Amino acid sequence: MRIRWWQGKIMRIRWWQSIRWQLAIGSVLVSLVATGLLTLAALFAIVRFYDIDQQGRLTNAATSTAQLVSDHYSQDDDHSLYQAAKAAYSFPRLAATTAVTKAEGDDYLLFVIDHENDATFPTLKSLSHGKDSTKDLLDSLLDGLNHPDEKTKDGLGQLRDAVLKAQQGKSATGEIGTAYLGVLPRAFAVEPVKVAGKNAPIGVVVLIPTSAANNTLPPFIKIVGRAVLLASVIVTILAAIAGILFSRTITHPLAKLNNATRKMAAGDYGTQVRTKALGELGELATTFNDMAAQLQRDVEELRKQEIWRRELLMSITHDLATPLTAIAGLGEALADGVDQSHEDYEATGRIIFRETLRLRRLVQDLHMMAKVEAGALHPHRKPVRLAALLDEVLAVLTPEFEREQVEPVNAISYNLPSIQADPDMLARVFANLCDNALHFTPAGGTITVEAQQQGEQIVIAVTDTGPGIDPEALPRVFERFYRADSARQSKTGGSGLGLAIVRAIVEAHGGQVGAENAPGAGARLLFTLPLQPAGQPSLSDAPTLPLQEDLLIPPRR
């Protein structure tokens with residue numbers, strides 16, 4: 001008995017309820033029925049052909065015996081039917097007491113009856129009483145011949161009529177009583193003994209198989225029947241073994257699937273079914289593995305989403321707390337008005353303004369990511385010249401560069417062709433990339449923005465002179481909330497959404513993003529934009545893939 005846990009309940013499965021045993025028992029039963037039907041059909045065919053063959057052999061034996069008796073009668077000087085009949089037996093001494101003779105390879109009862117309906121050989125007196133009751137059979141036959149108008153005993157009516165017919169010179173065959181088991185006929189043959197020079201037969205030869213006389217199964221049928229039954233038993237056993245093995249080929253993969261399902265129900269979504277099964281079971285196992293793999297990916301994605309949600313809450317809490325704390329403290333100082341000059345008021349106002357801008361950027365980032373998640377990021381494309389647009393962005397960011405003592409460099413040629421893009425979104429891309437580079441560029445460093453046309457697209461790169469990015473972190477820098485160094489969070493600030501917004505905008509324009517470390521410099525963030533839009537692409541949160549090598553701008557020397 002096995003116990004299966006399912007939805008908090010215990011399901012008890014008896015052995016006969018198991019599909020393995022049901023298939024095995026069903027296979028055995030089917031094999032038994034099929035073997036039984038085949039055995040019956042084989043036995044029926046054997047009996048049928050044996051009956052046909054026996055009729056022919058019986059007729060031939062009766063004819064040859066009658067001819068032998070006739071020959072001995074003609075050669076005997078006394079013309080004695082008794083001596084002629086005695087000479088016709090294979091074993092006269094045995095025949096005198098049993099009437100058994102050999103003919104056509106079988107045992108027969110051979111009676112020679114004269115025209116006066118007396119047993120010539122063997123006689124009634126010479127026959128012994130045995131289990132086969134040969135004397136009783138002959139006595140009943142003679143009684144019937146002497147009283148033809150009375151009903152014969154033991155179903156010997158056909159035999160009596162055949163003897164009477166043979167006494168008139170005609171051969172005859174028939175059956176004694178009812179067939180053995182209603183299937184095997186009890187045949188006999190009667191042949192007249194004719195002698196040259198006489199008009200009427202001098203006697204008749206009655207030939208009956210011993211099995212028919214004793215109403216038993218013929219030896220040949222016994223031997224063949226036993227062989228068929230033995231073969232049937234062997235076939236049944238082999239079929240049962242084959243059925244059990246065959247059921248195992250089905251139930252073994254199902255058992256593996258069942259165990260894997262239990263593991264999955266327990267939370268192990270990485271479980272896989274290893275089986276060599278082919279056909280539908282192999283396809284089922286493959287489908288299960290695909291489902292488990294997809295489910296594991298979905299669960300991992302949900303876990304990532306949960307981690308991102310927590311990081312978002314932490315980042316927003318931190319990013320809101322820092323400027324709000326500064327604004328609250330400075331506002332309280334302004335309200336008190338204690339020992340503050342005009343210069344102090346101006347400095348305080350600038351700090352409050354800067355912190356307010358940080359709050360506004362955070363709100364804008366959250367609003368942009370909400371649009372990305374909702375699939376509502378649709379660029380309004382216009383002809384845009386990259387160099388002029390970058391000048392405007394750098395002009396807005398000039399106070400930030402001055403405060404960090406970093407020099408921005410616009411290396412985009414004014415000869416580049418204009419592209420079809422949303423100018424506001426593209427300005428946001430430049431601003432986020434410059435702001436990110438500014439956080440990691442030391443004082444006295446530079447941030448260079450350059451672009452180059454390659455075929456039907458423009459490749460733009462933003463390179464800083466900072467420490468660069470860990471190579472293991474390069475594929476992930478454009479993921480939401482990802483930080484290459486979480487320890488710099490308090491120093492650099494930001495919600496961790498800036499580069500994710502860059503990727504979303506670039507992909508909305510049909511471009512790609514990538515990251516690398518520039519030789520002799522710091523980090524280099526790149527993106528491509530098509531000169532002509534090829535359609536609205538779908539957004540994805542898949543890990544950032546590096547750009548193809550032929551799309552990268554050669555490093556500066």
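A residue counts as buried when its relative accessible area is under 20%, as exposed when that area is over 50%, and as partly exposed in between. This briefing applies those terms to a predicted model. It covers backbone geometry at selected residues and the pairing of aromatic rings. Most residues other than glycine have a negative phi, and most peptide bonds are trans.

**Backbone geometry**

- The peptide bond that runs from Phe-121 to Pro-122 is cis, and its omega is near -10°.
- Pro-122 belongs to the loop that joins β5 (119-121) to α4 (134-146).
- Asn-215 is not a glycine, yet its phi is positive, at about 55°.
- The position of Asn-215 is in the loop between α6 (210-214) and α7 (219-265).
- Asn-215 has a relative accessible area of 34%, so this residue is partly exposed.
- Gln-405, likewise a residue other than glycine, has a positive phi near 60°.
- The loop between α10 (386-404) and β10 (407-410) contains Gln-405.
- Gln-405 is exposed because its relative accessible area is 57%, and the cut-off for that class is over 50%.

**Aromatic pairs**

- Three aromatic pairs are found when the whole structure is searched.
- One of them is formed by Tyr-50 and Phe-220, which are stacked, with 5.6 Å from centre to centre and 10° between the planes.
- This pair links distant parts of the chain, since Tyr-50 lies in helix α1 (residues 19-75) and Phe-220 in helix α7, 170 residues apart.
- Tyr-50 has a relative accessible area of 8% and is therefore buried, as the limit for that class is under 20%.
- Phe-220, with a relative accessibility of 44%, counts as partly exposed.
- Tyr-82 and Phe-121 have ring centres 5.3 Å apart and planes at 70°, so their pair is edge-to-face.
- Tyr-82 counts as partly exposed because its relative accessibility is 35%.
- Phe-121 counts as buried, its relative accessibility being 3%.

**Phe-121 in both topics**

- Phe-121 takes part in the cis peptide bond to Pro-122, and the ring of Phe-121 forms an edge-to-face pair with that of Tyr-82.

Technical notes: Residues are numbered from 1 along each chain as its sequence is written. This is a predicted model: local features need pLDDT of at least 70, side-chain atom pairs count only at pLDDT 80 or more; totals for chains, interfaces and linings use all residues. Side-chain values use heavy atoms; hydrogens and water are left out. Helices (H or I, at least four residues) and strands (E, at least two) are DSSP runs, numbered from the N terminus. Buried means under 20% relative accessible area, exposed over 50%, partly exposed in between (1.4 Å probe, protein chains only). Rings of Phe, Tyr and Trp (its six-membered ring) pair if their centres lie within 6.5 Å; planes under 30 degrees apart count as stacked, over 60 as edge-to-face and the rest as tilted.
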